[in-house]
Amino acid sequence: MERRSIGAGALAVGAVGLGCMPMSWAYAPSRRRGEESLAAVHTALDLGASLLDTADLYGPFTNELLLGRVLRERRGEAFVSAKVGLRAGEQHVVACGRPEYLRRACDASLRRLRTDVIDLYQLHRVDPEVPVEETWGAMAELVGTGKVRALGFCALGAGAGPGAGRRGDREYRTTLRHLERVQQVFPVSAVQAELSVWSPEAARQLLPWCAARGVGFLAAMPLGSGFLTGTLTPGEGFEREDVRARHPRFTAEAMATNQVLIAGLRRVARRHGPAVTSAQVALAWVLAQGPQVVPVPGADRASWAAENAAAAEVRLTAGDLAEIAALPAAVGAWD
């Protein structure tokens, strides 16, 4: 697989990563299968999708434990991207950026992951009660001790897809201000935010900042939480604990209206061969946004991990990109 660089330190990873959250958190609890998830991780590594994206929140903790079972055997093949700064309460999650908490959380993650170093340690959310410079400084100390190789910043709360309007713009401006502040403390190696065919705002709002500074960009939810695979049926519904059950993009009406996006991706896919899927075209679109962009699609099945990894071989033409750009904006934004 093609390799791409993360940050000024030129940390090389496969062009397509593996998002591990669906294995343990947020989506369809009844479909979680530990052994199938382990097979997905092994398949991703076999195919060169070396970046494994996790967080102590996922589970919580169980996702790191699962990855630890793979890393004890294949640590040298993996690039471990972990997150810190969100704690699970009884009914909600809260940000925590206190230095003493970050130090304890890092040590705990290292134990669960069965490794002595995290390649990329990302701040999951900014704690409004703690100056971001203080939080980032504590994370920088972890680099100094050798427990962490590089730092990343998550902007997963910014934007909400097309139509997010003033709220999304305001959140992106806040993210950029935070990035400027922490960059003065210690270099940012990567920014993670949602980027996909149906949520393209980060390409305009955040990518220029990253490109100008040699900062990598991890594209979260590049398959639109599964919608852009074309495998979800409008009106089929979701389990109560599945975050998509409360997302306006996943009402039956919105999903039916947004099928035009799937049709457009499938038209492009057919031009690239009978084995190319709409999901692979969606990932190829993300890859085409810049050489520092690494899509991190979630997958908890080996077949899906293999399909996603193969997207690195799909090269979209200028005509393909223009056709995708002309697709109508998705409906069902948060505002």
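This is a predicted model: local features need pLDDT of at least 70, side-chain atom pairs count only at pLDDT 80 or more; totals for chains, interfaces and linings use all residues.
Trainee: In what order do the strands of the open sheet run?
Mentor: The order is E3-E4-E5-E8-E9-E10-E11-E12, eight strands with parallel pairing. Strands are DSSP runs of E, at least two residues, and helices are runs of H or I, at least four, numbered from the N terminus; two strands pair if DSSP finds at least two bridges between them.

Trainee: Which strands stand at the edges?
Mentor: Strand E3 (18–19) and strand E12 (293–296) do, each with a single partner strand, so one side of each has no neighbour in the sheet.

Trainee: How many bridges join E9 to E10?
Mentor: Three bridges join strand E9 (residues 148–154) to strand E10 (residues 190–194). Phe153 has Val191 in E10 as its bridge partner.

Trainee: Changing topic, which residues of H11 are buried?
Mentor: In helix H11 (residues 302–310), Ala305, Asn308 and Ala309 are buried, meaning under 20% relative accessible area with a 1.4 Å probe, protein chains only.

Trainee: How many disulfides are found?
Mentor: The whole structure has zero disulfides, a disulfide being a pair of cysteine sulfur atoms within 2.5 Å. For Cys106, the nearest cysteine sulfur, that of Cys96, is 14 Å away.

Trainee: Is Cys106 buried or exposed?
Mentor: Cys106 counts as buried, at 0% relative accessibility.

Terms used:
Residues are numbered from 1 along each chain as its sequence is written. Side-chain values use heavy atoms; hydrogens and water are left out. Buried means under 20% relative accessible area, exposed over 50%, partly exposed in between (1.4 Å probe, protein chains only).
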